[in-house]
Amino acid sequence: MPTDVHQHLWPAPFLTALRARRRPPRLDGWRLELPGERPCAVDPAAHDVEARAARAAADGDDLVCVAPSAALGLDRLPEAEVADLAEAWLEGALALPAPFRAWALPAGPEALRDALARGAIGLELGADLLAAPDGLDAVTPLLRVLADAERPLLVHPGPAGTADASARPAWWAPVVPYVAQLHAAWWAWADGGRSRFPELPVCFAALAGLGPLHRERVRARGGGSAAVDPLTFVETSTYGTQAVDAVIRVLGIDVICHGSDRPYAEPTLPNLGSDAAVHGLRTTNPGRLLAHVPQEVTA
């Protein structure tokens with residue numbers, strides 16, 4: 001079925017929980033406040049469930065995977081606060097109508113196990129957590145739960161942490177720290193993640209910050225050459241034909257999935273010269289990611 005593996009849609013219980021907070025991350029009405037970042041307005045229409053379902057239908061999507069956004073930094077809060085927000089997210093997201101299904105928010109291994117049993121498709125995790133020194137050790141308990149359940153991991157940018165946000169343009173965080181996090185997480189996973197979790201399906205948002213394009217540099221600097229991993233996917237959000245085509249030349253098409261990052265970006269489909277290629281991005285490859293079906297791939 002045509003699938004978008006990466007959107008954000010905040011259901012009513014989650015909005016209520018964010019508005020009940022008295023310190024960032026929080027919502028003040030429709031004003032989003034994040035630690036270290038410039039407050040920004042949230043468009044109420046972006047989280048209108050009926051309107052978003054209608055837009056998904058217009059796009060031809062039969063399945064849309066929604067997440068709270070690791071960039072909010074909710075999993076960095078005290079344990080009790082994370083638990084409350086994770087439950088509010090799950091309560092609302094699992095009640096969303098078709099075509100929506102929910103990624104879980106990290107709130108500990110037991111909470112993740114419960115979320116998967118209740119219907120979450122997998123886990124959204126901040127790229128900065130995966131890329132941090134000893135990051136794999138820190139997230140191993142969560143990844144074990146996913147591996148045991150044969151459910152996928154979505155690696156998404158974490159908080160931008162831009163202390164100088166007021167001096168930067170609005171595009172700075174998505175273009176600089178978010179991309180850098182994904183790039184680092186891609187190589188952190190290559191440097192130990194896959195060997196620890198050989199059968200865990202993983203999908204990196206936004207073409208992994210274009211990290212795959214640096215394979216030549218890795219080889220030149222002594223990193224060796226590895227085969228394309230059939231269970232490590234990337235999704236295409238915010239990128240177009242030029243970037244998608246470049247990543248396909250490195251990874252092949254079989255690990256590229258369609259994602260949009262709506263409402264922060266609109267869905268686009270790259271011009272790859274064939275309907276079969278687009279079908280792969282929208283249907284075949286997301287299906288394998290979510291169903292845990294590896295396939296031999298060639299770069």
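## Parallel strands

Ala104 stands opposite Leu123 in strand E7. The chain crosses from E6 through helix H4 (residues 109–118) to E7, and this β-α-β crossover is right-handed. Right-handed means that, with the strands pointing away from the viewer, the path from the first strand over the helix to the second runs clockwise. Helices (H or I, at least four residues) and strands (E, at least two) are DSSP runs, numbered from the N terminus. This is a predicted model: local features need pLDDT of at least 70, side-chain atom pairs count only at pLDDT 80 or more, and totals for chains, interfaces and linings use all residues. Residues are numbered from 1 along each chain as its sequence is written, and side-chain values use heavy atoms, with hydrogens and water left out.

E6 (residues 100–104) and E7 (residues 122–126) run parallel, joined by 2 bridges. Two strands pair if DSSP finds at least two bridges between them. E6 also runs parallel to strand E5 (residues 63–67), with 3 bridges. Here Val64 stands opposite Phe100, and Cys65 stands opposite Arg101. Strand E1 (residues 3–8) pairs with E5 in the parallel sense over 4 bridges. In that pairing, His8 stands opposite Ala67.

How many residues of E6 are buried? The count is 4 of its 5 residues, and the strand is mostly covered. Buried means under 20% relative accessible area, exposed over 50%, and partly exposed in between (1.4 Å probe, protein chains only). For E5 the count is 5 of its 5 residues.

In a regular strand the side chains alternate between the two faces of the sheet. In E5, Leu63, Cys65 and Ala67 point one way. Val64 and Val66 point the other way, and all are buried.

## The antiparallel sheet

An open sheet of 3 strands has the order E2-E3-E4, with antiparallel pairing. Strand E2 (26–28) and strand E4 (40–41) stand at the edges. Each has a single partner strand, so one side of each is left without a neighbour in the sheet.

E2 pairs with E3 (residues 31–33) over 3 bridges, in the antiparallel sense. Leu27 has Leu32 in E3 as its bridge partner.

## Aromatic contacts

The structure holds 4 aromatic pairs. Rings of Phe, Tyr and Trp (its six-membered ring) pair if their centres lie within 6.5 Å; planes under 30 degrees apart count as stacked, over 60 as edge-to-face and the rest as tilted. One of the pairs is Trp10 with Phe14, edge-to-face at 6.0 Å centre to centre, with 70° between the planes. Both residues, Trp10 and Phe14, are buried. Phe14 and Trp89 also pair edge-to-face, at 5.5 Å centre to centre and 75° between the planes. Phe14 lies in helix H1 (residues 12–20) and Trp89 in helix H3 (residues 79–94), so the pair ties together parts that are 75 residues apart in sequence. Phe14 and Trp89 are both buried. Trp10, Phe14 and Trp89 form one aromatic cluster.

Charges also sit over rings. The criterion is NZ of Lys or CZ of Arg within 6 Å of the ring centre and within 35 degrees of the ring normal. Arg19 lies over the face of Trp30, at 4.5 Å from the ring centre. Arg168 lies over the face of Trp172, at 3.9 Å from the ring centre.

## Salt bridges

Side chains of opposite charge can pair when their charged atoms come close. A search of the whole structure finds 16 salt bridges. The cut-off is a side-chain nitrogen of Lys or Arg within 4 Å of a carboxyl oxygen of Asp or Glu. Among them is Glu33 with Arg26, whose closest N and O atoms are 3.2 Å apart. Glu33 and Arg26 are buried.

Arg282 and Asp61 meet in a salt bridge at 2.7 Å, N to O. This pair links distant parts of the chain: Arg282 in helix H11 (residues 275–291) and Asp61 in the loop between helix H2 (49–59) and E5, 221 residues apart. Both Arg282 and Asp61 are buried. The side chains of Arg118 and Glu87 meet at 3.0 Å, N to O. Arg118 is in helix H4 and Glu87 in helix H3, 31 residues apart. Arg118 counts as partly exposed because its relative accessibility is 36%. Glu87 also counts as partly exposed, at 36% relative accessibility. Elsewhere, salt bridges that share partners join Arg55, Asp59, Arg262 and Glu266 into one network.
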